[in-house]
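Biologist: I am new to this structure and would like a close look at one part of it. Could you guide me through it step by step?

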Amino acid sequence: MSTTFDAARFGRLWRAHWAERAKSYLWFFGVCIIVYLIMVLLAFSTVGHDAFQHEAQMICFYIGLFVTGAIFAARHFEGLSHKEAALLTLMRPASVFEKILLAFVMVVVFYPLMYTLIYAVCNFPMVKIAQAMAIESARLNPEFNRYDAQDYTLFVPFVSQGDTVDAQNMNHFRLAQGLLMLAWVSIMAFCVGASIYFKRLPMLKTVVAGFVLFIAYGIFLAVTGSSPSSLLEHWFTDDNPSVWKTATVIAFWLGTPLLLWVTAFFHLKEREVA
């Protein structure tokens with residue numbers, strides 16, 4: 001039996017995790033649905049049916065995914081902030097690698113799948129309601145309100161391509177999706193690692209640390225005059241990039257999530273040793 005990874009041992013860890021956390025996950029997703037419905041009511045009462053146009057659906061989906069995903073990831077090792085629960089988590093018969101692998105599966109794979117499913121189920125009827133309101137508005141005031149069915153196309157996460165029509169735009173779409181995925185993996189790794197590193201109030205400190213990094217990044221852009229899309233424009237606008245530039249950008253996008261997950265691994269290992 002390997003001390004690093006054993007399928008049977010990982011299976012027992014998986015079942016134990018679900019036995020302990022299934023109810024809290026149901027509560028978490030329930031709260032997300034309630035928050036979504038509140039936001040829907042506010043959107044209909046302020047912006048109206050325009051709040052559910054295709055682009056607005058996309059923005060809502062990704063903002064919700066990254067915000068709630070960060071909270072979900074920061075809660076994975078929340079037991080470490082309590083002495084009794086921390087001992088149970090750290091002494092559980094599983095390797096550090098298996099515990100980090102479980103965290104990776106839950107926050108990087110499981111959560112976006114569940115979030116996407118819940119969003120799709122909740123979003124579909126709202127789009128249909130907005131569509132009906134837009135049609136009725138156009139019928140009552142045809143001079144000022146025009147209805148275009150394309151504006152209210154249902155946004156299907158990771159599938160909808162917006163205005164993509166040709167091969168070049170399709171390639172850009174696929175590349176953007178890939179970079180978005182790597183950004184997601186990096187942010188989840190940061191939240192998991194920070195929640196392990198901070199021993200008291202880990203979730204609050206993780207949020208604060210993320211906010212500080214965001215502000216620091218904004219200051220860096222302001223001082224250097226750089227664009228936040230610089231690492232994207234390398235592929236989107238540069239037809240003949242240099243070798244070193246290509247290597248640097250690839251190393252950044254692939255190395256950042258890997259480095260963050262390795263850091264989370266060593267944070268957890270240090271907690272077990274301590």
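Is Glu98 buried or exposed, and what is its relative accessible area? Please take me from there to its surroundings.

Modeller: Happy to! This is a predicted model, in which local features need pLDDT of at least 70 and side-chain atom pairs count only at pLDDT 80 or more, while totals for chains, interfaces and linings use all residues. Residues are numbered from 1 along each chain as its sequence is written, and side-chain values use heavy atoms, with hydrogens and water left out.

Glu98 has a relative accessible area of 0%, so it counts as buried (under 20%; exposed is over 50%, and partly exposed lies in between, with a 1.4 Å probe and protein chains only). Apart from neighbours within four places in sequence, Glu98 touches Thr4, Phe5, Asp6, Arg9, Phe10 and Leu13 (contact means heavy atoms within 4.5 Å). With one of these, Arg9, the side chain of Glu98 forms a side-chain polar contact of 2.8 Å (a pair of N or O atoms within 3.5 Å; within protein, one must be able to donate a hydrogen and the other to accept it, and residues adjacent in sequence count only if both atoms are side-chain atoms).

Now for the helix itself. α4 packs with helix α8 (residues 243–273) at an angle of about 135 degrees, their axes 10 Å apart (axes are lines fitted to C-alpha atoms over the stretch in contact, and angles run from 0 to 180 degrees between N-to-C directions). That angle makes α4 oblique to α8, because angles under 35 degrees are roughly parallel, over 145 roughly antiparallel, 65 to 115 roughly perpendicular and the rest oblique. On the α4 side, the contact is made by Val96, Phe97, Lys99, Ile100, Ala103, Phe104, Val107 and Val108. Their partners on α8 are Trp261, Ala264, Phe265, Leu268, Lys269 and Glu272. The residues of this contact divide into 11 nonpolar, no polar and three charged (Ala, Val, Leu, Ile, Met, Phe, Trp, Tyr, Cys and Pro count as nonpolar, Asp, Glu, Lys and Arg as charged, and the others, Gly among them, as polar).

Finally, let us look past the helix. Asp148 sits in the loop between α4 and α5 (167–197). Asp148 is partly exposed, with a relative accessible area of 39%. Its C-alpha atom is 9.6 Å from that of Ala138, 10 residues apart along the chain.

Methods. Helices (H or I, at least four residues) and strands (E, at least two) are DSSP runs, numbered from the N terminus.
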